[in-house]
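Thanks for coming. I have one structure to go through today, and I will keep it short. Please have the sequence and the model in view.

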Amino acid sequence: MEIEFGAPGTIMPPADKAVELAKRAEADGYDSIWWPSHLMGWHPESVWTEDITPLAKFQPNPHTYFDPLVMMPVVGAQTEKIKVGVVVTDVITHHPAVLAQTALTIDHVTRGRSILGLGSGEQLNVTPYGMSWDKPVGHLDEALDVIRLLWGAEGAVDFDGEFYQLKDAVLGLQPYTPGGPPIWIAAHKPRMLGITGRKGDGWLPTKMEAAEYANALNTIKSASVDAGRAEDSVTPGMLAYVLVGPDEETVERLKQHPLVRLLCVLLPSETFQKLGIEPPLGSAGSGFHDFLPTRVNREEGLRIAEAIPPRTLDYYAFCGTVDQIVDEMAEFHRAGLRHPILWNITAFGDPSLAGFSFRALNEIRERLRSL
């Protein structure tokens with residue numbers, strides 16, 4: 001099976017562990033390793049307590065994250081083959097000119113093994129820090145032009161956009177990778193899918209149904225062709241959450257856990273409605289736009305978790321035994337998926353299954369590659 005696999009990078013201290021685990025992922029045959037870009041996690045601290053999860057004994061809060069744009073070159077400089085990426089950052093918290101320079105620096109440090117993952121952003125990383133949550137998709141669309149302009153500039157350039165203006169701007173650092181490192185875009189809705197097809201090198205959605213994935217990929221391909229690009233200009237990837245158990249009974253138990261259910265809170269209200277579920281944040285709510293974990297008290301956090309039925313996980317994550325997950329991922333491969341990032345969420349449901357789950361992910365990879 002023509003497929004590559006990504007792994008999550010270590011997001012919390014000690015930092016040397018991140019390098020150690022990245023080297024192990026490289027030795028195990030992973031093709032890429034990725035860090036999320038978060039100032040704030042999406043679990044409310046009010047429910048991050050030892051009576052709910054043993055993880056609270058070892059991690060003092062759910063908002064502990066290394067900076068991905070620092071960890072990428074740290075790990076990339078100490079590995080040989082594995083690609084390093086961010087899944088994903090945004091141009092609200094990072095001005096595109098600064099991001100362009102940072103991405104080229106990482107491109108040089110890693111000798112062409114970096115991927116810049118971009119999305120429209122999440123309000124939880126923006127509003128609490130005094131930044132403006134205004135037209136995030138428009139900002140991203142225009143910022144992609146600014147980044148590409150600076151990467152290709154041989155002298156001073158100007159840019160007069162709605163959100164960004166450059167006048168006599170330079171970026172003298174030349175790309176290590178011709179044209180600059182690949183940009184992969186987190187996209188789900190038509191406008192973002194179109195941007196991905198016109199301007200992206202890869203696609204990084206979260207999981208959906210396989211038929212939806214195929215339809216969205218066709219939208220991206222059409223946008224690529226309309227922009228004068230090859231139909232296959234965009235690598236079809238996915239941030240693939242995986243919840244794996246030794247048997248179906250264990251998997252159902254894991255899906256019941258509040259921390260596992262809360263991972264689904266970022267789904268838009270229309271997705272819940274499509275699944276026949278009353279949206280936990282209301283019919284007009286969207287976790288990306290409306291959910292601020294530090295403003296959610298314990299009672300509300302548990303209410304939201306309870307309002308997300310366990311079956312929601314079947315839509316948002318690959319849930320099941322090894323056999324079941326292999327079968328479902330093979331279906332997505334037939335729909336076009338070529339580079340899933342296997343993000344193991346099993347420990348949120350039961351930390352004692354952490355060791356089992358990582359061994360299971362290795363088996364899943366091996367079996368998919370052998371198909």
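Predicted model: local features only at pLDDT ≥ 70, side-chain atom pairs only at ≥ 80, totals over all residues.

Residues are numbered from 1 along each chain as its sequence is written, and side-chain values use heavy atoms, with hydrogens and water left out.

Back to Cys264. What is the closest cysteine sulfur to that of Cys264? It belongs to Cys319, and at 8.0 Å it is too far for a bond. Cys319 is also buried, because its relative accessibility is 11%. A disulfide is a covalent bond between the sulfur atoms of two cysteines. The rule used here asks for a pair of cysteine sulfur atoms within 2.5 Å, and the count comes to zero disulfides.

**Aromatic rings**

Next, the rings. Rings of Phe, Tyr and Trp (for Trp, the six-membered ring) pair if their centres lie within 6.5 Å; planes under 30 degrees apart count as stacked, over 60 as edge-to-face, and the rest as tilted. The count by this rule is five aromatic pairs. In one of them, Trp34 and Trp184, the ring centres are 5.5 Å apart and the planes are at 45°, so the pair is tilted. Trp34 is in strand E2 (residues 32-35) and Trp184 in strand E7 (residues 183-185), so to speak distant parts of the chain, 150 residues apart. Helices (H or I, at least four residues) and strands (E, at least two) are DSSP runs, numbered from the N terminus. Both Trp34 and Trp184 are buried.

Tyr213 and Phe332 make an edge-to-face pair, with 5.9 Å from centre to centre and 70° between the planes. Tyr213 lies in helix H7 (residues 210-226) and Phe332 in helix H14 (residues 322-334), so this pair ties together parts 119 residues apart in sequence. Tyr213 is buried at 0% relative accessibility, and Phe332 is buried at 1%. Ring pairs also link Trp203, Tyr213, Phe318 and Phe332 into a cluster.

Phe318 has a charge over its ring as well: the charged end of Lys207 sits 5.1 Å from the ring centre. The rule is NZ of Lys or CZ of Arg within 6 Å of the ring centre and within 35 degrees of the ring normal. Arg365 lies over the face of Tyr30, 3.9 Å from the ring centre.

**A hairpin and a helix**

Phe159 stands opposite Leu166 in E6. The two strands, E5 and E6, form a hairpin with four residues between them.

Last, helix H5 (residues 136-152). Of its 17 residues, 13 are buried, so H5 is largely enclosed by the rest of the structure.

That is the end of my part.

Methods:
Buried < 20%, exposed > 50% of the residue type's maximum accessible area, 1.4 Å probe, protein only. Pairing = 2+ DSSP bridges.
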